[in-house]
Amino acid sequence: MKPDSIFNALDISHYVYLSCVLFCIGLFGVLMRRNAIVLLMCIELMLNAVNLLFAAFSSYMGDASGQLFVFFIMVVAAAEAAVGLAILVMVYRNTKSTDVGFLNNLKG
Amino acid sequence: MQYLSVLVLGLPIEFLVLSFITILCALYVVTNKNPIHSVLALILTFFSISAHYIILNAQFLAIVNLIVYAGAIMVLFLFVLMLLNLNKDSEPQTKMGWQVAAAIAAGLLLVVLAASLHKSSEYVSRNPVEGVGLVKNLGKYLFSEFLVPFELSGILFLAAMVGAVLLGKRKSNEESTEMEDKAQ
Amino acid sequence: MNPLSLIILLPLLGFIFTGLLGKKLPEKITGWISSGSILASFVLSLNIFLGLKSGAGAFYTKWFTFLSVSDLNIDIAFQADQLTSVMMLVITGIGFLIHVYSIAYMHGDEGFYKFFAYLNLFVFNMLVLVMGANFLMLFFGWEGVGLCSYLLIGFWYSNADYGKAARKAFVMNRIGDLGLLLGLFLIVQQFKTLDYAPVMQQIRTGGVNPEMVNLICILLFVGAMGKSAQIPLYTWLPDAMAGPTPVSALIHAATMVTAGVYLVVRCNAMFSMAPAAREMILWVGLTTSIMAALIGLKQNDIKKVLAYSTVSQLGLMFVALGVGAYTAAMFHLITHAFFKALLFLGSGSVIHAMGGEQDIRKMGGLKSAMPITYWTFLIGTLAISGMPLLSGFFSKDEILASVFASQPLAWGLCVGSALLTGIYMFRLFWVTFHGGFRGTEDQKHHLHESPALITFPLIVLAVLSLLGGIINLPHFITHSGSHALENWLKPITGESQLNRAIPEHTAELILLGVAVLVFVIGFLFTRSKYLNKGNIPEDDENMAGTGRLLANKFRVDELYDSTFVSGINLSGDTMGKTEKGIFAATMSWVSVCVNFFSGLLSRLQQGKIHFYIIAMVAGLILLLVFNLYK
């Protein structure tokens, strides 16, 4: 049995608020944590919040482009995570620490 | 067609439960000192988000989310954590002032975002379609309208792979730099 | 091609040719080509003169429109009427003679070709001045001759004093030019045009504000003061003797300094409506004439005496202009050109023979060594002193008679000036050419008559000085051919010319008699003092009293120096100091400010990631809030 769309009962604004909350939690994490890995994870969280919003709108409007865009965001997130972690490993090799507070040589 | 579900507070119960789990896990990710716990909490978050995708009629996305995000990326994170052997003790602590500033910034942004997007539902047309998230449907659009981004994403992956491999390569002779001394 | 354009262009081409190629060509070719261009201009001017004489109207040619703004229309145009043709003949004729003279005089000088280039440029500018059809062309030529004067006075530039003299001439000229410019501006404002004909027309038909015309005339005269070396702007002329002698002859005797006189005669319609200006001209001219004559009495440099003599004679010309005797002034201008050029060229010949010596106390007894120079110099001296029947006599008599007819007091002073002229000129003559030779042995051996190229112009000018009087003979000599110049210039000066009623026989004879008496007194007095008694002027140390005051030129130069020059220098220094102080302070203040703010701004770049992200978030919040409240 095909499932009915949840949007027969729900308004899009609820998903908007949910997505905003997740985004801001992720942002809070980015600002607060100094461990580089957890930082990257929080960025993934923010990306996922956006994904959720895209999928919600796509389902709401019946347009498939939203979900395809999620697909591409995931692509980018995966690539970014891979490269970011590689860089992080390099930094760790040089500084023996994952603290981003040490990376301030570019100060003016 | 009528939507068959239990309504609590005017909202379908699955939506409420899933949202609750998602937010709770997200908070756990952000606040926990132990990075491994953070990773595990993030995996749980991804699971709940996938569940959200299912109730949103985006089945393909749900599965892909699980496979790619929870299955590959998080595993990658775990590997790196293991490699670097990080645990609760070596976690750097942010100063109190920064924490307050972070909280204020994030909170403000939440308020402002919510206010901006408050009436957004008036600008979109509600038009739920039955099979919008099925593989067949998505594939149809992916290989016709979005063919170029699709190919480009392949190249992007190639570049990321090559980059990651090159970056991760250990040089034959490594001297210790001043950064190391600073870290001590 | 229009002869007017050709006359103007030939000297200019000569300038370009000698300037560019003269360095590589032999001296003779450069000299003769540039002289040839002036000769060609002279022949063409003669043509125009004869054409005008046979009844043709004034010649006119327009090259192009220079400026055309609302009402004002200025063309680059040239004209040749009777007044202009006379000036053209004088300029090109005497110019040619001096070019020829210079070929021999400047022989061996390393700047030979430059000299001729400058001379040609000068003739070009002078021709533009007199042939211009509007005030702008006059001004163009005016400035051009000022420039050439500067170039030529400082010709031997390696001597710093000569350079200073050149600068002095230029600066004083400029001061006068300011007055001229203001006058031109007022002319534009009053008459809405700069062309001669419409301006004179408007004046004759009336309807112009006489106050403004007065002011314009005074301002134009200020310009003339600078160019023609009247008080107070005369001190540059004696110093200008630093230039080579042909320059002194051409520029500072015959042509440039007469530009002021030309200007006034050209604007005679304006001046006849401006009694205040004419009064001013009269008294300035008179004072200049007497003061310069007094100074000349005690000068011992042969060229300086002649310089002060020029200033004095110019003063006399302006006296004539002041009473409205325009023809008399032009007449004296022409005859003065003849004998003053002659005197200068003769002095050049003497200096050349003496190997560069210019002090007359070291000369003497040159009569036997340089006969041609001697006789021509004598003719020049007689002419300037007013010996009867020579050219100078007639022109001076004309002036004196005109002055007597309007202002007898001024006449008395003019007679005094004439007397002084005779005295200092003959003093110069006797001391230089008679008595025993007072120079060194070396110089004595070197003494010789000058080459033909030098003596030929001297002879020509001597003949002209002798016979020049026929241009404007008075009535008592002949009735038919008299006043030829006056009749010739009638189209220009007709209505403004002082109408000097032919005085009765007795009055005229008395005036004549006074003139002759003055000449005779001067001649005899100086002959007894300097020739018979063998007096020579004292050495510098032995001068005393009024003699020393005169010898020091009334200390006018020192006066100028202590007031104007040091004043300007002082203000310049103060300005320099304040400017340095203010500018340096401002610049350093600016740099301090920039440093301060950049220091503040650089604190934004801490290198901490969290700071950047918080900044980004803050910016985003602001953006959204702004959007919300729009």
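Among contacts in chain C between residues at least 6 apart in sequence, 81% join residues at least 24 apart. The model is predicted. Chain C has 630 residues, and 49% of them count as buried. Its secondary structure comes to 26 helices and two strands.

**Where chain C meets chain A**

On this interface, 10 residues of chain C are in contact with 10 residues of chain A. Which helix gives the most to the side of chain C that touches chain A? Helix α26 of chain C, residues 609-628, does, with five residues. By class, the side of chain C that touches chain A holds four nonpolar residues, five polar ones and one charged.

**Two packed helix pairs**

Two packed helices are described by the angle between their axes and the distance between the axes.

| Helix pair | Residues | Axis distance | Crossing angle |
|---|---|---|---|
| α3(C) and α10(C) | 82-105 and 245-254 | within 9 Å | roughly 165° |

The axes of α3(C) and α10(C) cross at roughly 165°. That makes α3(C) roughly antiparallel to α10(C), because angles over 145 degrees count as such. The crossing of α3(C) past α10(C) is right-handed. From α3(C), the contact draws on C:Val90, C:Ile94, C:Gly95, C:Ile98, C:Tyr101, C:Ser102 and C:Tyr105. From α10(C), it draws on C:Thr245, C:Pro246, C:Ala249, C:Leu250 and C:Ala254. Sorted by class, this contact of α3(C) with α10(C) has nine nonpolar residues, three polar and no charged.

What is the hand of the crossing where α2(A) passes α1(B)? The crossing is left-handed. On the α2(A) side, A:Met41, A:Cys42 and A:Leu45 take part. They meet B:Ala26, B:Val29 and B:Val30 in α1(B). The contact of α2(A) with α1(B) has six nonpolar residues, no polar and no charged.

**In brief**

The α3(C) and α10(C) crossing is right-handed, whereas that of α2(A) past α1(B) is left-handed. Three polar residues sit in the contact of α3(C) with α10(C); the contact of α2(A) with α1(B) has no polar residues.

Methods: Residues are numbered from 1 along each chain as its sequence is written. Chains are lettered from A and ligands numbered from 1 in the order in which they are written. This is a predicted model: local features need pLDDT of at least 70, side-chain atom pairs count only at pLDDT 80 or more; totals for chains, interfaces and linings use all residues. Two residues are in contact if their C-beta atoms, placed from the backbone, lie within 7 Å. Helices (H or I, at least four residues) and strands (E, at least two) are DSSP runs, numbered from the N terminus. Ala, Val, Leu, Ile, Met, Phe, Trp, Tyr, Cys and Pro count as nonpolar, Asp, Glu, Lys and Arg as charged, and the others, Gly among them, as polar. A residue is buried if 20 or more other C-beta atoms lie within 10 Å of its own, exposed if 12 or fewer, and partly exposed in between; C-beta atoms are placed from the backbone. Axes are lines fitted to C-alpha atoms, for helices over the stretch in contact, and angles run from 0 to 180 degrees between N-to-C directions. Angles under 35 degrees count as roughly parallel, over 145 as roughly antiparallel, 65 to 115 as roughly perpendicular and the rest as oblique. A crossing is left-handed if the near helix is turned anticlockwise from the far one by less than a right angle, and right-handed if clockwise.
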